[in-house]
Amino acid sequence: MAEAKPKLLIVEDDEGLQAQLKWAYDDFDVVIAGTREAALASLRSEEPAVVTLDLGLPPDPDGTSEGFAVLEAIMAMKPDTKVIVASGHGARESALRAVEQGAYDFYQKPVDIDTLGLIVQRAYRLHHIESENRRLAEKVGEDRTVLGSMVTAAPEMAKVARTIERVAPTNVSVMLLGASGTGKELLARGVHDCSGRRQGAFVAINCAAIPENLLESELFGHEKGAFTGAVKTTEGKIELADGGTLFLDEVGDIPLSLQVKLLRFLQERTIERIGGRKPIAVDTRIVCATHQNLESMIGEGTFREDLFYRLAEIVVKVPTLAERPGDAVLLAKHFMVRFAKEMNPQVKSFAPDALAAIDSWTWPGNVRELENRVKRSVIMAEGKQISVEDLDLSQPDDGGADIALNLKAAREQADRRMIRQALARTEGNISNTAKLLGISRPTLYDLLKQYDLQT
């Protein structure tokens, strides 16, 4: 029996080019779509691994708005799809924007069939490798991880991870913006581990945890006798990270006087220890993080604008746990397995009411709060299952007076909750989710689109 050809979706409104591309890719089962609606319908029904996308589609054939709308929809519906964007519209700007939104690669028109064919083949190989890795991970019951150690099944975090993987090999400064407890240090380690500096040191310092009068010495070091108590020459964190990466957590807490010295280091790549008289060349990459609004601080005069732009060459916004559908359940299982091995080996799983409570909780403390609650529940559990009482999470009161008595809204809320729970329990597997919910795959895709839920 002949092996089925891999599906290739070509989104192109030029009929002549449609025919040329279909003829050129005889090794693929080519599906043609000339509009956004046709492209998304084919994506649902055919589930192609690779898509070539022309940005100039009707009703905006001379622009890029419709093409980017298709790209955004594909990334929301099937983030694993490798999208190759081909366009002649503002090539450089379009390329940067397309890659930022999740495209695999970009090719400028006029199309060279052979070159584009190589890109398509490479995309298929990568998709196959990633699919096989996911299959093996599910087979042995491993967690979904990105950047080596971050557990997630949410497209929001997958997008963050892809950004980290792209910028890591460069030497640009990276700023991570997000609430406390969202895993910014883990992402900073991801930048380091995916870079050419991985053999060097990863040095982290919490700028908010060190008194202002000691922070300069911690960062830049000091010479013997520079001040009372300086009994020996000590290297600072910047110097210790030479050849590696320095992570400045809560960078917004650095005092203005020290911001000037940090800016000078970023400009000149040299430091002077406290009490020192000669500059020391240091090759250290800076990754920083904060939960504060630095742009507001600039307006208030508490953070230097020139330093901000030096630190924020690449800005990555880290979503809260509440913005990562399904991740609370996935992470809870991950923490439960880890803590059970250490503290209470009899614990094997969560009770259904506990999983429901985890999924519906807002997690204001993000992953850190979840980790602490799971640790507590593992310790407190008396049997094999963790109960909602062990977690100390109260179930939401669906009959509260402040909830509108609207039957349609209540049904939609219930649908959303059940779909999210099913996705979390199957770790995003569409087929298993549909089976768990007792519906078909097309029906599930329609519900995901209707309720704007991402897999």
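This passage describes three parts of a predicted model: helix α8, residue T245, and the pairing of helices α13 and α14. Local features need pLDDT of at least 70 and side-chain atom pairs count only at pLDDT 80 or more, while totals for chains, interfaces and linings use all residues. Residues are numbered from 1 along each chain as its sequence is written, and side-chain values use heavy atoms, with hydrogens and water left out.

Helix α8 spans residues 212-220. Helices (H or I, at least four residues) and strands (E, at least two) are DSSP runs, numbered from the N terminus. In α8, L215, S217, L219 and F220 are buried, that is, under 20% relative accessible area with a 1.4 Å probe and protein chains only. Their cover includes strands β9 (202-206) and β12 (245-249) and helix α10 (256-268). Just after α8, G221 adopts a positive phi of about 80°.

Strand β12 holds T245. T245 counts as buried because its relative accessibility is 0%. Beyond four places in sequence, T245 touches H192, R197, A201, F202, V203, T284, R285 and V287. Contact means heavy atoms within 4.5 Å.

Helices α13 (residues 327-343) and α14 (residues 352-360) have axes that come within 8 Å and cross at roughly 125°. Axes are lines fitted to C-alpha atoms, for helices over the stretch in contact, and angles run from 0 to 180 degrees between N-to-C directions. From α13, A328, V329, A332 and K333 make the contact; from α14, L355, I358 and D359 do.

Definitions and conventions
Buried means under 20% relative accessible area, exposed over 50%, partly exposed in between (1.4 Å probe, protein chains only).
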